[in-house]
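Me: Hi! Could you walk me through a model I have open here? I'd like to talk about helix packing and pockets.

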Amino acid sequence: MVVDELDAKIVRFFTDSPRASVLEASRVLKVARATVQSRLDRMAERGVVAPWVPQPDPSGFGYPVVAFCSLTINQDLGHDAVVEALAAIPELIEVHTVSGSSDLMVRVVGKSNSDLQRVLDKLIATKTVLRSSSVIVLNTHFQGRTLPLLEAAAKENAG
């Protein structure tokens, strides 16, 4: 989907004020309420913005340790079966099939370093993962950073 500068302004507004109403956005952005709503609906339909839901932060409820793990899987089982087995582990919060020397890249959380070991043991215990390699996150500077990219794409589309 081609986004324009108004789309970017709408997304920026709701990023900065996630609890604001469409009416408030229309007043601040000086466009009709129906315009804001139709733009939001169109961007949601086309996958530019995800549905509006709370995004829990694991560190806020007791899981401050984050690690990225490269997993080598049992290829005989296939990716779907492996992912289904891994989905049963709640501390596993992202799974991506990747190219390179491993098969999957996952993000896991734990209550402590020793709890992280428990989570990694659970991954291996599924019998779907043959080998893992982990790096622990020491500090997160930003994550989920897509708004600057959307704004740059809108500016590029403007000409």
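Reply: Happy to! One definition to start: axes are lines fitted to C-alpha atoms, for helices over the stretch in contact, and angles run from 0 to 180 degrees between N-to-C directions. This is a predicted model, where local features need pLDDT of at least 70 and side-chain atom pairs count only at pLDDT 80 or more, while totals for chains, interfaces and linings use all residues. Residues are numbered from 1 along each chain as its sequence is written, and side-chain values use heavy atoms, with hydrogens and water left out.

Me: Great. At what angle do α1 and α6 cross?

Reply: Roughly 160 degrees, with the axes coming within 8 Å. That makes α1 roughly antiparallel to α6 (over 145 degrees; under 35 is roughly parallel, 65 to 115 roughly perpendicular and the rest oblique). Helices here are DSSP runs of H or I with at least four residues, strands are E runs of at least two, and both are numbered from the N terminus.

Me: Which residues of α1 and α6 meet?

Reply: E5, A8, V11, R12 and T15 in α1 meet L147, L150, E151, A154, K155 and A158 in α6, contact being heavy atoms within 4.5 Å. These contact residues divide into six nonpolar, one polar and four charged. For those classes, Ala, Val, Leu, Ile, Met, Phe, Trp, Tyr, Cys and Pro are nonpolar, Asp, Glu, Lys and Arg are charged, and the others, Gly among them, are polar.

Me: And α1 with α2, what's the crossing angle there?

Reply: Roughly 120 degrees, and the axes come within 11 Å. α1 and α2 are therefore oblique to each other. From α1, the contact uses K9, I10, F13 and F14, and from α2, V22, E24, A25, V28 and L29. Seven of the residues in this α1 and α2 contact are nonpolar, two are charged and none is polar.

Me: How about α2 and α3, which residues meet?

Reply: V22, L23, A25 and S26 in α2 meet R33, V36, Q37 and L40 in α3. By class, the contact of α2 with α3 has five nonpolar, two polar and one charged. The axes of α2 (22-29) and α3 (33-45) come within 8 Å and cross at roughly 115 degrees, and the two helices are therefore roughly perpendicular.

Me: Switching topic: what volume does the largest pocket have?

Reply: About 1400 Å³. T15, Q55, Q143, G144 and R145 are the closest to its centre, out of 39 lining residues. On a 1 Å grid over the protein atoms alone, a pocket is an open set of points where a 1.4 Å probe fits, with protein on both sides within 12 Å along at least five of seven lines, and lining residues have an atom within 4 Å of a point. Grid points are joined across faces, edges and corners, and the volume is the space filled by probe spheres set on them.

Me: Which element gives the largest share of the lining?

Reply: α1, with four residues. Elements that each supply at least two include β1 (65-73), β2 (92-97), β3 (104-110) and α6 (147-158). The lining of the largest pocket has 24 nonpolar, nine polar and six charged residues.
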